[in-house]
Amino acid sequence: MASNKKAKGSQGPSNGNKSSCLKTWGTRLVVFLIFVVTCGWLDTIKSRWYVFDPTSLHELAQAAIAASPDDTAGMISHIVTNLTATYPSTQIRLNPDSSEWVFNNAGGAMGAMYIIHASITEYLIIFGTPLGTEGHTGLHTADDYFHILVGEQWAFKPGALEMERYPAGSQHFLPRFTAKQYKMHEGCFALEYARGWIPLMLPFGFADTITSTLDIPTFYHTARVTGREMIKNLLVGKI
């Protein structure tokens with residue numbers, strides 16, 4: 001009798017532990033499902049926070065090429081001047097300091113970028129190199145519009161037997177969740193616009209720096225400028 005009572009008593013804590021474990025995992029599952037549903041809902045309404053229009057940006061890039069042929073600095077100045085005149089600082093914050101360039105290593109490609117705008121749902125940069133580079137586009141949660149200003153960009157995706165070719169004045173559109181190999185042949189600069197969930201693109205942008213180049217100053221300045229611009233935009237209500 002005593003041994004039976006002891007056996008029954010020993011089952012109590014075990015059953016209690018199982019119940020506690022099930023409750024913990026049940027709570028985690030509910031929180032995860034709420035998170036997934038919330039993210040799905042936010043994804044359906046993110047377009048309400050977009051300010052830039054891809055068509056207008058493409059026209060602006062073409063106008064910059066026409067206004068300053070063979071002058072990359074002149075093209076960039078034309079773009080920034082037009083943007084700051086078009087969009088009031090109460091609606092969106094732009095970075096007018098075109099001397100604020102940083103290296104960018106991502107997907108095996110290397111170039112430099114000037115961040116014109118960065119927020120939670122959009123970024124606008126000048127990206128390129130006079131030397132040429134090649135790499136992987138990355139697989140992103142944002143649509144990417146590459147407006148070629150100088151040189152050419154080549155691209156390829158699995159199954160294609162011929163390359164895609166994008167000369168100056170053209171636009172290379174990369175839908176989200178799409179990946180390609182690309183090459184900025186013999187030097188190329190572009191106005192790059194992305195719209196979607198920008199923070200989810202940052203790991204790709206930082207991975208090569210962390211795991212390969214170990215260029216800590218570049219990592220610091222990229223994070224500093226990106227964070228600063230995102231905070232400035234949040235302060236004016238731009239998500």
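1. Let us begin with a histidine: in which strand is His147 found? His147 belongs to strand E5, residues 142–156; helices (H or I, at least four residues) and strands (E, at least two) are DSSP runs numbered from the N terminus. Before going on, please note that this is a predicted model, in which local features need pLDDT of at least 70 and side-chain atom pairs count only at pLDDT 80 or more, while totals for chains, interfaces and linings use all residues. Residues are numbered from 1 along each chain as its sequence is written, and side-chain values use heavy atoms, with hydrogens and water left out.

2. Is His147 buried or exposed? With a relative accessible area of 0%, His147 is buried (buried means under 20% relative accessible area, exposed over 50%, partly exposed in between, with a 1.4 Å probe and protein chains only). Setting aside neighbours within four places in sequence, His147 is in contact with Pro54, Leu57, His58, Ala61, Ser170, Gln171, Ala190 and Leu191, where contact means heavy atoms within 4.5 Å.

3. His58 sits in helix H2 and is buried, at 18% relative accessible area. Beyond its neighbours within four places in sequence, His58 is in contact with His147, Gly169, Ser170 and Gln171. His58 and Gln171 are 113 residues apart along the chain, yet their C-alpha atoms are separated by 7.0 Å.

4. Leu191 is buried, its relative accessible area being 0%. Not counting residues up to four places away in sequence, Leu191 touches Leu57, Ala61, Ile79, Ile116, Leu124, Ile125, Ile126, Tyr145, Phe146, His147 and Leu149. For Leu191 and Leu149, 42 residues apart along the chain, the C-alpha separation is 6.9 Å.

5. Now the helix pair H2 and H3. Helix H2 (residues 54–67) and helix H3 (residues 72–86) have axes that come within 8 Å and cross at roughly 135°; axes are lines fitted to C-alpha atoms, for helices over the stretch in contact, and angles run from 0 to 180 degrees between N-to-C directions. That angle makes H2 oblique to H3 (under 35 degrees counts as roughly parallel, over 145 as roughly antiparallel, 65 to 115 as roughly perpendicular and the rest as oblique). The crossing of H2 past H3 is right-handed; a crossing is left-handed if the near helix is turned anticlockwise from the far one by less than a right angle, and right-handed if clockwise. From H2 the contact uses Leu57, Leu60, Ala63, Ala64, Ile65 and Ala67, and from H3 it uses Met75, His78, Ile79, Asn82 and Leu83. By class, the contact of H2 with H3 has nine nonpolar, two polar and no charged residues; here Ala, Val, Leu, Ile, Met, Phe, Trp, Tyr, Cys and Pro count as nonpolar, Asp, Glu, Lys and Arg as charged, and the others, Gly among them, as polar.

6. Ile65 of H2 also reaches beyond that helix pair. Ile65 is buried at 18% relative accessible area, and it touches Met75, Ile148, Leu149, Ala168 and Gly169, not counting residues up to four places away in sequence. By contrast, the C-alpha atoms of Ile65 and Thr44, 21 residues apart along the chain, are separated by 35 Å.

7. How do H4 and H5 pack? Their axes are 10 Å apart, at an angle of about 160°, which makes H4 roughly antiparallel to H5. H4 passes H5 in a left-handed crossing. Leu202, Phe206, Thr209 and Ile210 in H4 meet Phe219, Thr222, Ala223 and Thr226 in H5. The residues of this contact divide into five nonpolar, three polar and no charged.

8. Two backbone values are worth checking. Most residues other than glycine have a negative phi. Glu186, in strand E8 (residues 181–196), has a positive phi of about 50° although it is not a glycine, and at 65% relative accessibility it counts as exposed. Leu214, in the loop between helix H4 (202–213) and helix H5 (216–235), has a positive phi near 55° and is exposed at 57% relative accessibility.

9. Finally, the cysteines. Taking a disulfide as a pair of cysteine sulfur atoms within 2.5 Å, the count comes to zero. Cys21 is partly exposed at 39% relative accessible area, whereas Cys188 is buried at 0% relative accessibility.
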